[in-house]
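Subject: Structure handover

Hello,

Here is the structure I promised you.

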Amino acid sequence: MRVIAIIPARYASTRFPAKPLAVLGRKCIIEWVYDAAKRYFDRVVVATDDRRIAEAVEAFGGEWVMTSEEHRCGTERCAEAVERIGGQYDIVVNIQGDEPFINAEQLEALVAAIEREDVDIATLATPIDSSEALHNPNVVKVVMTPDGRALYFSRSPIPHLRGYNADEWHTRHRYYQHVGIYAFRRATLGEVVRLAPTPLESAESLEQLRWMERGYTIGVGITDHRSIGIDTPEDLAAAHRMLGLGD
C-alpha cells in the first residue's frame, strides 16, 4: 500500500499562537516533527494555512501545501491536502504538528494497525501508570477488544473499577491512554470529514466518537513510547528540560 504522511500545522492556536514556529533546541517544532516522520515515510507534507509556516518548511527543505483557514480540525486539513497533492495513495497518516518526539516504533505500530482488513482508521494507545493521568480529563482513555479494536474513548476513567479505591485503579486494571495520531484509508478520510457532529462527540469533545457512532472501525496499536506533545508554552519549557536545554 502507498502511504503519505500529512502534518497539519496552523498558525493561530488559541493556547499557543505560532506554535509550529516555536524553537526547541536549534530547530522549530514543525521541523522536529517533519524530520521524525521523514525517517519512516517516503513522502511527508506539511499542510498549513499560513505563509510563515510554509516559508519555514521551505527553508529546512521540507514539502508543504497551502490549505484553507476555515478547517475546524487537523483531519479536515489533511483531507484537503491529499486532494490538492493528488497521487494514488492508499493510506493517509495524520501526524500532529506538535509531536516533536514521535518515533519509528510508534509509526510502525500505527501502520500495522491500519493494514488490518477489518479496520477503517487506526490510532495508538499507551499504558497508563499513574492515578493522576487516569483521572485527568485532558488524558483521553481508550478501551478496546482483545484483538485491538476500539470500543470507546473517554475523558473519564473507563471502566469504573467497582470495589476498589479510585486512587488504586491503575494498579488493579490495565488502562490505556490515547495517543493522538491517526492513519486513514484514503476513501475513509474523504467520508469522515463530511460527517455531521454526533451526540457522543459533543458530550466528550472527541471527534473519533463521531466516526465510531457512524459505524467506522478504529484499530488501536499499542506503544510503550511516551512522546511529549507541545500544547502550551509550559510544555515547550518541559521539552527543553527533557533535552537538557533548560527553559
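A polar contact is a pair of N or O atoms within 3.5 Å; within protein, one must be able to donate a hydrogen and the other to accept it. Keep that cut-off in mind for the start of helix α2. There, a side-chain oxygen of aspartate 50 comes within 2.8 Å of the backbone nitrogen of arginine 52. Please note that this is a predicted model.

Helix α2

Helix α2 covers residues 51-59, and its buried residues are Ile53, Ala54, Ala56 and Val57. Seen down the helix axis, these fall within an arc of 160°, so they line one face of α2. The face turned away from the buried side carries the exposed residues Glu58 and Ala59. What covers the buried residues? The cover includes β1 (3-9), α1, β4 (44-48) and β5. Just after α2, glycine 61 has a positive phi of about 85°.

Nonpolar cores

In soluble globular proteins, nonpolar side chains tend to be buried together. Here, the largest nonpolar core has 39 residues. Ile7, Phe41, Val46, Val93, Ile95 and Ile181 touch the most other members. Helix α1 (residues 29-38) gives the largest share of this core, 7 residues. A second, separate core holds 30 residues, including Ala47, Ala79, Val92 and Leu209.

Not counting residues up to four places away in sequence, isoleucine 181 touches Asn94, Ile95, Ile102, Leu107, Leu110, Ala122, Thr123 and Leu124.

Valine 3 sits in strand β1. With residues up to four places away left out, valine 3 touches Phe41, Tyr89, Ile91 and Val93. Valine 3 and proline 137 are 134 residues apart along the chain, and their C-alpha atoms are separated by 33 Å.

Threonine 67 is in the loop between β5 (63-66) and α3 (74-85). Is threonine 67 buried or exposed? Threonine 67 counts as buried, because its relative accessibility is 6% and the cut-off for buried is under 20%. The side chain of threonine 67 makes a polar contact with the side chain of arginine 77, at 2.9 Å. Leaving aside neighbours within four places in sequence, threonine 67 is in contact with Ala47, Thr48, Asp49, Arg77, Glu80 and Ala81.

Glutamine 106 belongs to helix α4 (residues 104-114). Glutamine 106 is buried, with a relative accessible area of 0%. Again leaving aside neighbours within four places, glutamine 106 is in contact with Phe101, Leu124, Val179, Thr223, His225 and Ser227.

Cysteines

How many disulfides are there? The count is 0. A disulfide needs two cysteine sulfur atoms within 2.5 Å. For cysteine 28, the closest cysteine sulfur is in cysteine 78, 18 Å away, which is too far for a bond. For cysteine 73, the closest cysteine sulfur is also in cysteine 78, at 8.8 Å, and that too is too far for a bond. Cysteine 28 counts as buried, at 13% relative accessibility. Cysteine 73 counts as partly exposed, at 23%.

Best regards

Notes: Residues are numbered from 1 along each chain as its sequence is written. This is a predicted model: local features need pLDDT of at least 70, side-chain atom pairs count only at pLDDT 80 or more; totals for chains, interfaces and linings use all residues. Side-chain values use heavy atoms; hydrogens and water are left out. Helices (H or I, at least four residues) and strands (E, at least two) are DSSP runs, numbered from the N terminus. Buried means under 20% relative accessible area, exposed over 50%, partly exposed in between (1.4 Å probe, protein chains only). Contact means heavy atoms within 4.5 Å. A nonpolar core is a set of buried Ala, Val, Leu, Ile, Met, Phe, Trp, Tyr and Cys residues joined through side-chain atoms within 4.5 Å. The arc is that of the directions from the helix axis to the C-beta atoms.
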